[in-house]
Every structure is written in C-alpha cells, then in structure tokens.
Amino acid sequence: ITLEGGTARTLISPRPFAVMPAAVAWQLTGSAPLLDKPIATMRGSSAQPEVELTLAQTLNFSIGADEFREMMCQLKSARSSRRSRRLNAARAFLTKGTRPSSCSEFTPPAPYSYSTFKNWFLAQQWQESRYRMPPAFSWFDVDGALQGKLRQHFEGRDMELPVVIAKAINRFMFMRSIMESGDDGSQGAMGMQLLMLSLVRDKLTQPEGARALDIGCGTGWLLEAFALMSDNPRSRILGFDLSGIEIAKRNLADADVASRTTRTPRPKVFEGNLLTENFGLDSDSRSRLLPNGSFDIVNVGVALKIDNPAFQKVFNLLRVGGVMTIPICDGEAVDGRCKVTFRKYVRGDDGQALLQECIHGMTFVTCE
C-alpha cells in the first residue's frame with residue numbers, strides 16, 4: 001500500500017466496509033514520528049464509503065487481506081466507549097506490525113462451510129460483540145428451521161435441494177449489515193426462505209433456464225439462493241430495492257459467498273421502487289430490465305394489501321405459467337409490520353392470477 005503525501009479523496013468498497021454504519025467518522029492520530037499528523041479520516045455510509053487521506057509524506061507498508069480486515073475492524077470499533085484503547089491497538093498495528101485481536105474472534109473462518117461455521121458460531125461469546133443486534137444461531141440454523149414454527153408447511157414437500165442450497169450460502173455475510181445496524185427489516189427468517197425456495201424450485205430448475213426477480217432483495221441472500229438452485233447458464237436473476245443495493249452487490253460479488261459454484265450468471269441488482277410508476281426506472285431501463293410478460297418467477301419481499309395497484313403491476317411481469325410469491329396483509333399494519341397470508345399465484349393461459357397456495361400465520365414488513 002502506498003499513500004502519497006498531500007490530500008486525496010476516493011470511493012472504496014473493500015469487504016470490511018460492507019458493515020460501515022451510516023454518518024460516522026473516524027480519525028487515526030499517531031504519536032510515533034511517522035504518524036505525527038492525522039493520516040486518515042474515513043467518512044460515509046454503507047452504500048458509499050469515502051476515505052480522505054492527509055499525509056505530510058509518503059507512507060509505504062504491506063498487509064494481507066486478513067490484517068487489513070482486522071485493522072478496519074479496529075477503526076470501526078473506535079466509535080465505542082473503548083475508543084482510546086482500540087485506537088492505540090490500531091496505531092500499534094500500523095507502526096509495529098502488531099495484529100489487533102479484539103475483533104478476530106468475530107470473523108468467521110474461511111473458506112466457508114456450514115459445519116465449520118456452525119462450530120465457530122456456537123463457540124463465540126456474542127454478548128461481548130460490537131454488534132448492535134448480536135446474532136442468534138436460529139438465524140443460520142437450517143435444520144432447526146425445518147422443525148420450527150413453519151414445520152407443518154414443510155410436511156409433504158421435498159426439502160432436500162432447498163436445504164442443500166441454504167447450507168451452501170455464507171449467511172453470516174448477508175446478515176452482517178443487519179447485526180451492525182440493528183435493523184432486521186431487510187432479511188427474511190431462515191424458515192420462510194426455505195419455504196420460498198421450495199415454492200419456486202420447479203421453475204428455477206427447468207432445463208431451459210429461468211428469469212427470476214426478487215423485489216425488496218435486501219442484502220441479497222435469496223438472489224444467491226436462486227442462482228445456486230438454478231445452476232443454469234441461461235438463467236437470469238435480478239433484484240431491486242429502495243436502498244442498500246451496494247451492500248447486496250458486494251455480498252454477491254464476494255469470493256466466499258458460498259461453498260459451491262453455479263453456472264448461473266451473477267445476479268443483477270439495481271435500485272427500484274415497487275410503489276412508483278415504472279418501478280422508479282426510466283422508460284429505457286424499465287423496458288430493458290423489467291419488461292412485462294418476461295419472468296418465470298417474481299418474489300415480493302414486502303407485504304401488500306390485495307387491492308394495492310402494485311399487485312397487478314407486479315403480476316404483469318410474469319409470462320404465462322410464471323409464479324408469483326407474495327405476502328398479503330390480513331389487516332392493518334402496526335409499527336410497519338402486518339400479519340399476512342403468504343400466497344403463491346400462477347399466471348394462467350388467459351392472463352388471470354390462479355391462487356395455488358396460501359400459508360397463514362406470518363408477519364412481514366409492509367411498504368404501505
């Protein structure tokens with residue numbers, strides 16, 4: 001790494017910044033002769049981190065990927081009440097090559113495998129973590145989800161492939177920003193996502209490939225699951241959300257996103273709005289990304305009322321025989337969530353919405 005003297009600003013997107021909380025700044029000031037002035041000020045949000053470097057001289061040093069992740073963990077942790085101690089650890093690392101250790105215990109082992117991750121996770125003291133929302137193993141427990149509150153809905157279904165796919169995905173990566181922010185509105189529960197995969201499996205695995213869309217894609221877990229399950233070079237997986245798409249893009253591009261590969265091209269993620277005209281896209285982007293009658297699968301990740309015009313707008317994206325999965329509010333929302341009936345529709349030959357399945361007793365974030 002070479003940091004030239006003077007001041008420079010640049011946008012960066014290494015993996016450690018995927019969990020940078022919004023509107024915070026850090027400053028590292030060293031007391032050693034090499035670091036006698038502030039050398040770096042980091043500002044920005046998770047979507048667009050910015051680094052401003054101010055140096056009186058050129059600074060050269062080399063670190064590996066793990067060391068870089070550790071250093072950034074130290075800098076991000078400096079906002080806590082233990083700011084001074086952690087800054088000192090980061091300074092020591094830069095000036096003496098000392099490896100900080102207070103964050104390493106919360107970095108999962110790589111490369112990812114479900115069994116290795118499970119053993120690592122259960123050995124951690126999460127109450128001591130820096131996360132605003134410390135994780136629970138139920139977030140990642142695929143086998144436990146099959147025996148959970150949705151158990152009756154798994155009965156009679158072939159869950160083998162959904163389970164294999166779910167265990168292959170590094171879910172910790174997709175949950176990291178949620179743990180950091182404390183907002184769990186952008187990710188579905190494991191049981192619900194297993195059920196979702198079972199509902200669309202036949203379409204995803206058809207020999208001719210599939211076009212699949214996830215509306216309200218959050219951090220991107222379901223997009224990765226679609227890509228792995230389809231495993232077809234002719235498939236196309238798309239997702240959009242109101243915000244946070246840079247986090248989803250980074251997650252999906254990470255080399256350690258899953259323990260298995262897929263022939264499906266990488267999912268495409270873009271910013272869109274379910275409730276606005278043309279999904280918030282200009283006419284050219286709408287016709288290119290979301291033409292009516294072009295999708296085999298559309299999943300809606302937020303709850304709607306059945307009479308919301310967005311329902312028909314989304315349904316029109318399906319080709320004949322296409323499947324739409326969507327949570328429909330059973331009543332009024334409370335604190336941005338509502339009780340729902342999760343429904344699976346198929347587009348009939350006459351263009352009508354044919355209701356195939358209804359699953360009761362769930363709660364979803366609503367966009368209304």
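Residues are numbered from 1 along each chain as its sequence is written. In this predicted model, local features need pLDDT of at least 70 and side-chain atom pairs count only at pLDDT 80 or more, while totals for chains, interfaces and linings use all residues; side-chain values use heavy atoms, without hydrogens and water.

**Exercise 1.** Determine how α6 and α9 are oriented to each other, and which residues meet.

*Solution.* Step 1: helices are DSSP runs (H or I, at least four residues) and strands likewise (E, at least two), numbered from the N terminus. Here α6 covers residues 160-168 and α9 covers residues 221-230.

Step 1: the packing angle is about 125 degrees, and the axes lie 10 Å apart. Axes are lines fitted to C-alpha atoms, for helices over the stretch in contact, and angles run from 0 to 180 degrees between N-to-C directions.

Step 2: angles under 35 degrees count as roughly parallel, over 145 as roughly antiparallel, 65 to 115 as roughly perpendicular and the rest as oblique. The pair α6 and α9 is therefore oblique.

Step 3: contact means heavy atoms within 4.5 Å. On α6, L161, P162, I165, A166 and A168 meet W221, A225, L228 and M229 on α9. These contact residues divide into nine nonpolar, no polar and no charged (nonpolar: Ala, Val, Leu, Ile, Met, Phe, Trp, Tyr, Cys and Pro; charged: Asp, Glu, Lys and Arg; polar: the others, Gly among them).

**Exercise 2.** Describe the packing of α6 and α8.

*Solution.* Step 1: the angle is about 130 degrees, with axes 9 Å apart. The two helices are therefore oblique to each other.

Step 1: L161, P162, V163, I165 and A166 of α6 touch M190, L194, L197, S198 and R201 of α8. This contact comprises eight nonpolar residues, one polar and one charged.

**Exercise 3.** Locate D335 and state its phi and exposure.

*Solution.* Step 1: D335 belongs to the loop between β11 and β12.

Step 1: although not a glycine, D335 has a positive phi of about 55 degrees.

Step 2: D335 is exposed, at a relative accessible area of 77%.

Notes:
Buried < 20%, exposed > 50% of the residue type's maximum accessible area, 1.4 Å probe, protein only.
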